[in-house]
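Please read them with the structure open.

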Amino acid sequence: MSQSAPPPQPQPQPGPVGAGPYAQQAPAGLPYPPQPGAPGGMPMAPVAPAPVRGNPALGLVAAVVAAVVAAGLYGLIIGATKHEIGYAAVGVGFVVGLAAGKAGGRNAVLPIASVVLALVSVYFGQLVGEAMIGAKATGLGFSQVFFDHFDVVQKAWKEDADPLTFLFFAIAGFAAFSAARKAAR
């Protein structure tokens, strides 16, 4: 038995490829036109700009807003339950760091600022909780207790503070730092 050579394959012929206004002539030997962006091909389609990231001022503003809101919510939780809740402190730190990282992008200042803002937020949240508890106990309004007797609220906070209180501060700071770094990626 003799083996015969395979039949010759037809060679592509240059000519119009595609239809419509974008039809191109394929170079000799190529059954298709060059790819977009390649020399001799169609120009690349415009690409939408990437979202703006890396604005530390925007990150700080977002973190401050998140810290104020988180402090209020944390204070409401403490006032309603009459207990400090560790998960809520973690949530405060996480929300502050997430806001800073997402809005501000990668900047070395943002994780550190997030820690400071989270600590301040947890502190004021605890003060809001103390003022709510004091308002319920005295029959006064919350704003009267918080603003007119702020020294009494701080004194009550100092008397109620224990090692667990400061552990919540540390956890909130760690959560803020971690969230800000991870959100900026």
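Which residues of helix 2 are buried? Point 3 gives the list.

1. Basis of the notes. This is a predicted model, in which local features need pLDDT of at least 70 and side-chain atom pairs count only at pLDDT 80 or more, while totals for chains, interfaces and linings use all residues. Residues are numbered from 1 along each chain as its sequence is written, and side-chain values use heavy atoms, with hydrogens and water left out.

2. Overall make-up. The chain holds six helices and two strands, where helices (H or I, at least four residues) and strands (E, at least two) are DSSP runs numbered from the N terminus. In sequence order the pattern is β-β-α-α-α-α-α-α. Of the 185 residues, 32% count as buried; buried means under 20% relative accessible area, exposed over 50%, and partly exposed in between (1.4 Å probe, protein chains only). Accessible areas come from the Shrake-Rupley method with a 1.4 Å probe, and for residues only the protein chains shown count as cover. Among contacts in the chain with a separation of 6 or more, 64% are between residues 24 or more positions apart; contact means heavy atoms within 4.5 Å.

3. Helix 2. The buried residues here are Gly-86, Ala-88, Ala-89, Val-92, Gly-93, Val-96, Gly-97, Ala-99, Ala-100, Gly-101, Ala-103 and Gly-104. Their cover includes helix 1, helix 3 and helix 6. Helix 2 has 19 residues and spans 27 Å from first C-alpha to last, close to the 27 Å expected at 1.5 Å a residue; the expected span is 1.5 Å times one less than the number of residues. After helix 2 comes Gly-105, with a positive phi near 75°.

4. Helix 1. This helix has 26 residues and reaches 36 Å between its first and last C-alpha, close to the expected 38 Å. Its buried residues are Gly-59, Ala-63, Ala-66, Ala-67, Ala-70, Ala-71, Tyr-74, Gly-75, Ile-78 and Gly-79. Helix 2, helix 3 and helix 6 are included in what covers them.

5. The residue after helix 1. Lys-82 follows helix 1 and sits in the loop between helix 1 and helix 2. Its phi is positive, about 60°, although Lys-82 is not a glycine. Lys-82 counts as exposed because its relative accessibility is 53%.

6. The nonpolar cores. A nonpolar core is a set of buried Ala, Val, Leu, Ile, Met, Phe, Trp, Tyr and Cys residues joined through side-chain atoms within 4.5 Å. In the largest one, of 19 residues, Tyr-74 and Val-122 touch the most other members. Two or more residues each come from helix 1, helix 2 (86-104), helix 3 (109-138), helix 4 (142-148), helix 5 (150-160) and helix 6 (163-183). Helix 3 gives the largest share, six residues. Apart from this core lies another, of 10 residues, including Ala-63, Ala-100, Leu-117 and Ala-118.

7. Val-122 is in contact with Tyr-74, Ala-89, Val-92, Phe-169 and Ala-172, leaving aside neighbours within four places in sequence. Gln-126 lies in helix 3 and counts as buried because its relative accessibility is 2%. Not counting residues up to four places away in sequence, Gln-126 touches Tyr-74, Ile-78, Glu-84, Trp-157, Thr-165 and Phe-169.

8. Around Gly-97. Phe-177, in helix 6, is 80 residues from Gly-97 along the chain, yet their C-alpha atoms are separated by 6.1 Å. Phe-177 counts as partly exposed because its relative accessibility is 31%. Ile-112, in helix 3, is 15 residues from Gly-97 in sequence and 9.3 Å from it, C-alpha to C-alpha. At 53% relative accessibility, Ile-112 counts as exposed.

9. A surface patch. Val-61, Val-65, Val-69, Leu-73 and Leu-76 form a nonpolar patch on the surface, with about 450 Å² of accessible area together. Patches are made of residues with over 30% relative accessible area and no salt bridge, with like charges joined within 9 Å and nonpolar side chains (Val, Leu, Ile, Met, Phe, Trp, Tyr) within 5 Å. A salt bridge is a side-chain nitrogen of Lys or Arg within 4 Å of a carboxyl oxygen of Asp or Glu. Leu-73 belongs to helix 1 (residues 56-81).
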